[in-house]
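Student: I'd like to go through this model and ask what the labels on it really rest on. Can we take it one label at a time?

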Amino acid sequence: MKKILFLFALLVTISACNDDILDIPPKDRIAEDAVWSDENLIKAYHNALYQNSIEHGFKIHMQSKATDEAYCSIAWDLGNVARRTMNPDNITSAATNHWTGGGNIYYWGTAFQAIRKINVFLEKMEGDAIAIQNKARLVAEAKFLRAFIYFNLIERFGGAPIVTEVYDLGEEVSFKRSSFDEVAAFIETELLAAIPDLANKYASTDSNFGRATKDACNALLSRLMLYAASPLFNTTNDKTRWQKAATYAEQVMKSDYILEPNYSQVFNQPSGAPNNEMIFVRSFSATNSHQAPMHNLNRRYGAYGGWWASNGPTQNLVDDYDMTNGEPPFIYPGGVKTVNPASGYDPQNPYANRDPRFEATIIHDGSEYRGDIFEMWVSPDGSKWGFDSYKQSGDNPRSNYVLKKFMPESNIPLSWQQPYTNPWIIFRLGETYLNYAEAKFELGDEATCREYISKVRARVGMPAIPASVTGAELRRRLYNERRIELAFEEHRYWDVRRWKISDVAESGIIYGMDIVKDAAGKKNYVLNQLLDRGKFDPKFNLLPIETNEILRNPELEQTQGY
């Protein structure tokens with residue numbers, strides 16, 4: 001593409017004025033020369049790169065709304081993605097810089113703004129003109145951040161221009177969209193170059209936690225190669241990519257991370273709390289906090305249920321939590337959903353004896369949270385209902401489920417005035433184990449695959465995957481384990497696409513559960529059809545680039561199908 005950057009200046013000339021009047025330093029910003037001549041300002045600039053580069057998921061719209069994890073009740077903004085009415089003209093309503101956060105779906109403009117700031121830093125650090133403490137480490141961190149941004153670009157768009165230089169206003173430049181493989185190779189090269197100058201890791205209690213480390217680089221490399229090896233991006237089934245995904249995961253696993261024993265507390269403890277499962281996070285503080293609990297809890301606490309009650313977990317997700325005996329509640333003989341007779345699942349007591357991660361992730365009718373018992377029921381004639389029913393408030397999700405993962409324990413107040421600081425986790429050991437399991441499965445090592453899935457399940461007391469589970473069934477269990485373990489952590493949208501299973505996972509109906517309670521107190525559980533998404537079009541495996549960007553840059557190729 002050709003991009004002309006114009007600098008407009010208003011030149012006002014007054015014959016009697018002194019030329020020095022135009023030399024007044026700007027009052028609203030620090031002059032650029034001052035930044036690069038002051039070590040403290042350089043480090044402040046570098047710290048700001050993290051804020052610009054690392055998005056978090058605790059925004060008004062969580063990414064779950066664009067998946068089958070949650071019922072997105074709105075037809076605008078992120079609803080365009082959930083309903084697949086997105087196109088180049090409306091995709092910016094799901095942008096990271098949209099006032100709702102856009103579910104961190106559309107990332108083009110935000111990404112290249114951040115890349116430019118990183119490129120400025122890296123350009124200034126070249127040579128010996130600037131000498132500051134820990135210069136090599138700061139440069140390596142900047143390279144990690146740029147690599148992280150580029151990974152986010154290629155998982156969304158499949159390819160993007162590789163920009164490593166800084167261009168001045170008025171300068172004519174030509175960019176072309178590099179392929180997925182070209183950008184992936186660039187990311188790998190950048191990360192391998194950064195690793196020698198980074199710390200191995202930081203404890204979660206360390207003030208440096210949240211900075212790039214060797215382990216963060218290897219975690220990103222493992223995820224990168226997992227995506228590069230997956231069917232969407234690996235049309236020749238190049239096995240060396242799976243091997244790289246496994247090798248980089250092994251590098252992470254050499255460090256002394258553990259699966260924290262309490263699954264809930266991995267996600268709901270404040271930044272700075274001990275947690276040896278987290279590898280890399282976006283941290284928060286009292287002065288830089290988020291409001292995820294008030295965005296996502298229901299009206300009982302004065303919260304918004306995801307805003308417009310649009311982040312209620314779905315029955316689709318609930319049905320995929322195993323029973324405590326290790327069996328899935330449903331099987332699909334001939335493609336027909338049927339209760340698994342070996343599971344012990346009771347459709348009229350559907351929440352009993354489920355994988356403990358279900359109770360840790362989802363509030364349902366009869367759940368207890370902070371001493372409150374939730375009531376989502378409605379009477380048969382609809383004249384009476386529980387306090388947490390959708391009939392009580394438009395801020396109670398229509399699916400009759402409420403998000404519990406990430407929500408604070410009872411010692412933390414629930415209030416719009418309360419600053420919440422639990423970190424947004426980017427990489428953690430649980431994901432690394434599942435990356436490793438998937439890579440090993442694809443390399444033919446099913447025993448190791450079962451071993452690492454079982455390690456993740458053991459944390460919550462779930463049975464191991466038996467040796468009798470092999471082949472296609474093991475793949476199904478592997479995919480489902482990621483769905484459950486990583487729910488609401490911004491993996492599902494990308495996983496089903498890279499696996500190329502969106503024709504199933506992203507097609508058809510989103511369900512909720514209606515609980516009908518009669519006068520005697522007996523409850524009847526009835527599936528409720530909330531949204532028919534129709535048939536999935538493969539073009540939605542990748543995102544379009546916004547129309548204005550294409551118009552500004554006519555040589556920029558639009559994503560195929562748009």
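Predicted model: local features only at pLDDT ≥ 70, side-chain atom pairs only at ≥ 80, totals over all residues.

Student: Then why is aspartate 322 called buried?

Tutor: Its relative accessible area is 4%, and the label applies under 20%, so aspartate 322 counts as buried.

Student: What makes aspartate 322 and arginine 477 a salt bridge?

Tutor: The cut-off is a side-chain nitrogen of Lys or Arg within 4 Å of a carboxyl oxygen of Asp or Glu. Here the closest N and O atoms are 3.4 Å apart, so the pair passes. The pair joins distant parts of the chain: aspartate 322 sits in the loop between helix 11 (315-318) and strand 6 (330-331), while arginine 477 is in helix 15, 155 residues apart.

Student: Is arginine 477 buried or exposed?

Tutor: Buried: arginine 477 has 8% relative accessibility, and the limit is under 20%.

Student: How do you know that glutamate 485 and arginine 428 form a salt bridge?

Tutor: Same test: the N to O distance is 2.9 Å, and the limit is within 4 Å, so the pair qualifies. This one also links distant parts of the chain, with glutamate 485 in helix 15 and arginine 428 in strand 12 (residues 424-428), 57 residues apart. Glutamate 485 is buried at 0% relative accessible area, and arginine 428 is buried at 1%.

Student: What about arginine 476 and glutamate 473, why are they called partly exposed?

Tutor: Arginine 476 comes out at 31% and glutamate 473 at 33%.

Student: How many salt bridges does the structure hold, and which residues are linked in a network?

Tutor: The structure holds 41 salt bridges. The network includes Asp322, Arg477, Arg428 and Glu485, and also Glu277, Lys405 and Glu489 among others.

Student: Which helix gives the most to the lining of the largest pocket?

Tutor: Helix 15, with 6 residues. Helix 15 (471-485), helix 17 (502-505) and strand 13 (509-517) each supply at least two residues of that lining. The lining has 23 residues, and Asp320, Tyr332, Arg492, Val504 and Ala505 lie nearest the centre of the pocket. About 750 Å³ of space lies in this pocket.

Student: Why are cysteine 72 and cysteine 217 called buried?

Tutor: Cysteine 72 has a relative accessible area of 2% and cysteine 217 is at 0%. Both values are under 20%, so both count as buried.

Terms used. Residues numbered from 1 in each chain as written. Heavy atoms only, no water. Buried < 20%, exposed > 50% of the residue type's maximum accessible area, 1.4 Å probe, protein only. 1 Å grid on protein atoms, 1.4 Å probe; cavity = no way out; pocket = protein on both sides within 12 Å on 5 of 7 lines; lining within 4 Å. Points joined across faces, edges and corners; volume = space filled by probe spheres on them. Helix = DSSP H or I, 4+ residues; strand = E, 2+ residues; numbered from the N terminus.
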